[in-house]
Amino acid sequence: MSPRRGDGRLYLGFVLLIALHFYVRPRLWDGRAAPDFLLLALMLVVIRTRPGVAAVAGLVVGLVNDVLTPASFGAGMLAHTIVAYLAAWGRAVFFPDNLLVNAGLFAGGVWLRNAIVLLASGTPGGQLAAGLLVWAPLQALSTAVAGLGLLLLFRDWFAIRIEA
Amino acid sequence: MIRSPGRVTSRSDTLLFSACLLLAVGAIALPNRWSLPLATGVRETALLPLLWLQERAEEGRTSRARFQAIQAQRDSAVVAAAALPALEIENQRLRALLGLRDRSGFTTVPAEVLHQAAPTEGRTLLLGVGRGTGARIGDPVMAPEGLVGVVLSVGKQSTIAMTWAHPDFRVSAVSEDGSVLGIVAPSQNTEASEAFLEFRGVAYRDTVATGTLVVTSGLGGVFPKGIPVGRVAGIRAEQLGWERVYRLMPMVNPGHVGHVLIVRAPSGPEPVP
């Protein structure tokens with residue numbers, strides 16, 4: 001498969017995840033523990049890019065989050081920038097071709113994103129603890145499972161290919 | 001497409017990351033009067049197709065899964081409304097006898113709640129109606145069960161409502177029998193795992209029994225009188241000799257509400273929230 005075609009499939013997959021986030025998710029399950037397909041899309045893209053580009057992509061996705069939930073404007077931008085940058089760096093530490101490694105990366109990303117957003121928005125201690133120990137792990141788990149399912153279904157689309 | 005591994009992250013990556021961090025921190029520091037219009041601008045332009053998609057999804061879910069619940073609510077409302085004409089006539093007659101003016105009515109605008117995935121989602125809600133429906137900043141937002149919050153910003157196609165869980169939310173409230181007046185605000189208790197409300201500023205001599213319904217008082221001109229806010233669940237704190245703070249269980253959970261009503265006052269200047 002040519003690199004251009006691979007890129008096309010990746011971005012098509014990105015669009016598919018956006019549609020899942022804004023159309024399928026509200027129809028099926030939009031609770032606090034529901035999978036975050038927007039973050040999933042970000043993670044799938046940033047583990048294939050340079051850390052700097054990943055940070056910019058994180059900032060843009062964070063802006064989308066902040067615009068839709070402006071309770072603490074900027075917290076989402078900060079959280080997504082850090083998560084995207086770390087995910088891009090994470091690729092250098094371990095090659096994320098393994099499905100379980102990918103699932104772990106998605107779960108870790110969701111948990112860290114939620115932790116930074118909750119901290120940056122000044123959430124009181126008890127709610128912060130519930131968010132970090134109950135809701136963030138549940139959302140991380142559901143996102144990881146959803147990501148795993150998508151990778152199994154569209155493995156060829158999201159496969160990492162190294163340029164010579 | 002991933003590039004060849006083993007390369008050292010360039011300085012430009014670090015610079016880009018630092019710039020993004022600075023932008024994010026700058027956005028956090030932005031005051032509401034700048035960040036809200038900025039958010040509205042992005043929402044009304046770049047994100048419009050995505051919001052349109054989510055609105056269609058919410059409508060689809062409503063028309064299928066919640067149809068029976070809404071039908072049951074409608075039937076109950078019809079039964080309750082059957083007694084209203086007689087009550088209205090009696091009310092008008094009594095008001096005329098007492099020499100009182102006609103009670104000012106209000107209209108409502110129904111709105112779909114577009115829930116998001118962010119962990120702070122319950123503090124603000126994105127509503128699928130815009131300026132065209134007549135929604136204005138400062139309009140109260142309520143669900144059939146009670147008060148949800150107040151409109152924070154209005155765009156052409158969407159509206160942001162601040163819920164009672166937002167740290168800046170305040171409403172003047174009164175016990176159901178009208179005997180005890182106070183201010184309702186979200187609790188600042190750091191140990192509670194869920195957000196709840198406090199009924200503050202209650203004079204020490206006044207006692208409110210557990211289970212008492214607390215409703216909006218109508219003072220201040222933002223919230224109309226009589227919208228249920230919460231039920232007293234016990235004493236939260238006592239300032240010896242002058243004030244009691246009661247714990248309130250809110251009537252509405254913003255995270256679960258699917259439809260809301262934006263309450264429109266019949267006329268008057270735009271209130272400042």
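Tutor: Helices here are DSSP runs of H or I with at least four residues, strands are E runs of at least two, and both are numbered from the N terminus. The model is predicted, so that local features need pLDDT of at least 70 and side-chain atom pairs count only at pLDDT 80 or more, while totals for chains, interfaces and linings use all residues. Residues are numbered from 1 along each chain as its sequence is written, chains are lettered from A and ligands numbered from 1 in the order in which they are written, and side-chain values use heavy atoms, with hydrogens and water left out.

Student: In which helix is Leu94(B) found, and is Leu94(B) buried, partly exposed or exposed?

Tutor: Buried means under 20% relative accessible area and exposed over 50%, with partly exposed in between (1.4 Å probe, protein chains only). Leu94(B) belongs to helix α5 of chain B, residues 84-98, and it counts as partly exposed because its relative accessibility is 41%.

Student: Which parts of chain B does the pair of Arg236(B) and Glu198(B) tie together?

Tutor: The side chains of these two residues meet in a salt bridge at 2.7 Å, N to O. Arg236(B) lies in strand β10 (residues 228-239) and Glu198(B) in strand β8, so the pair joins parts of chain B that are 38 residues apart in sequence. Arg236(B) is partly exposed at 33% relative accessibility, while Glu198(B) is buried at 6%. Arg200(B) is linked with Glu198(B) and Arg236(B) in a network of salt bridges.

Student: Which residue does Glu55(B) meet in a salt bridge?

Tutor: Glu55(B) meets Arg56(B), with an N to O distance of 3.7 Å. Here Glu55(B) counts as buried, its relative accessibility being 16%, and Arg56(B) as partly exposed, at 24%.

Note on methods:
Salt bridge = Lys/Arg side-chain N within 4 Å of Asp/Glu carboxyl O.
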